[in-house]
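User: I would like to learn how to read side-chain features from a model. Please take me through them one at a time.

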Amino acid sequence: MEEPWDFEFLSRIADSCLSFLSEFVDDWLANDMRVSIFKILLSWLIFSLVAIHFAWKVYGNTVNDMYYRQGTGQNGGTPDTAPHLSGWESKAGDPPKTHRD
């Protein structure tokens, strides 16, 4: 059983979207200062996002390699335990705990 307010609700949403788009197009075509500033800011945002995308494609692996720790150990190049500190979490005779995935 379909209720009649579903169609009315959808038609109101469609009408409001169409009216918003028509007002937006009218404002876009007007040579107003607000529209000019909006166009400049929108183009700057799009240009910045495209530049970031291409820069990440070119330099992304280099940046990732700079911050990726190489070697063996807990987090790459870091040792499992500090040699000058005692294992205060473990009791004497217990095997050291290791991280398991």
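**Rings, charges and helices**

Analyst: Start with a charge and a ring: the charged end of Lys39 sits over the ring of Trp28, at 4.9 Å from the ring centre. Keep in mind that this is a predicted model.

User: Which aromatic cluster does Trp28 belong to?

Analyst: Trp28 forms one aromatic cluster together with Phe20, Phe24 and Phe38.

User: How is a pair of aromatic rings described?

Analyst: Two quantities are used, the distance of the centres and the angle of the planes. Ring centres must lie within 6.5 Å to pair, and planes under 30 degrees apart count as stacked. By this rule there are five aromatic pairs. One of them is Phe20 with Phe24, where the centres are 6.3 Å apart and the planes make an angle of 25 degrees, so the pair is stacked.

User: Where do Phe20 and Phe24 lie in the chain?

Analyst: Both are in helix H1, which covers residues 4–29. Phe20 and Phe24 are four residues apart, about one turn of the helix.

User: What about charged side chains; how many salt bridges does the structure hold?

Analyst: The general idea is that side chains of opposite charge can pair when their charged atoms come close. In this structure there are two salt bridges. Glu8 forms one with Arg12, with 3.0 Å between the closest N and O atoms. Asp32 forms a salt bridge with Arg34, where the closest N and O atoms are 3.1 Å apart.

User: Where do Glu8 and Arg12 lie, and how exposed are they?

Analyst: Both lie in helix H1, four residues apart, which is about one turn of the helix. Glu8 is partly exposed because its relative accessibility is 40%. Arg12, with a relative accessible area of 57%, is exposed.

User: And how exposed are Asp32 and Arg34?

Analyst: Asp32 has a relative accessible area of 30%, so Asp32 is partly exposed. Arg34 is exposed, at 58%.

User: Which secondary structure does the chain have?

Analyst: The protein chain has two helices and zero strands. Helix H2 spans residues 33–67, and Val35 is placed in H2.

User: Is Val35 buried or exposed?

Analyst: Val35 is buried, because its relative accessibility is 8%. Leaving aside neighbours within four places in sequence, Val35 is in contact with Asp27, Trp28 and Ala30.

User: What share of the whole chain counts as buried?

Analyst: Of the 101 residues, 3% count as buried. The protein chain exposes about 10100 Å², and carbon and sulfur atoms supply 64% of this area.

User: Which residues does UniProt give as a transmembrane region?

Analyst: An unreviewed UniProt entry places the feature "transmembrane region" at residues 37–59. In the model, residues 37–59 are 100% helix and 0% strand. The C-alpha atoms at the ends of this stretch are 32 Å apart.

Notes: Residues are numbered from 1 along each chain as its sequence is written. This is a predicted model: local features need pLDDT of at least 70, side-chain atom pairs count only at pLDDT 80 or more; totals for chains, interfaces and linings use all residues. Side-chain values use heavy atoms; hydrogens and water are left out. Rings of Phe, Tyr and Trp (its six-membered ring) pair if their centres lie within 6.5 Å; planes under 30 degrees apart count as stacked, over 60 as edge-to-face and the rest as tilted. A charge sits over a ring if NZ of Lys or CZ of Arg is within 6 Å of the ring centre and within 35 degrees of the ring normal. A salt bridge is a side-chain nitrogen of Lys or Arg within 4 Å of a carboxyl oxygen of Asp or Glu. Buried means under 20% relative accessible area, exposed over 50%, partly exposed in between (1.4 Å probe, protein chains only). UniProt positions are given in the numbering used here, feature names are shortened, and annotations may be inferred rather than shown by experiment. Accessible areas come from the Shrake-Rupley method with a 1.4 Å probe; for residues, only the protein chains shown count as cover. Contact means heavy atoms within 4.5 Å.
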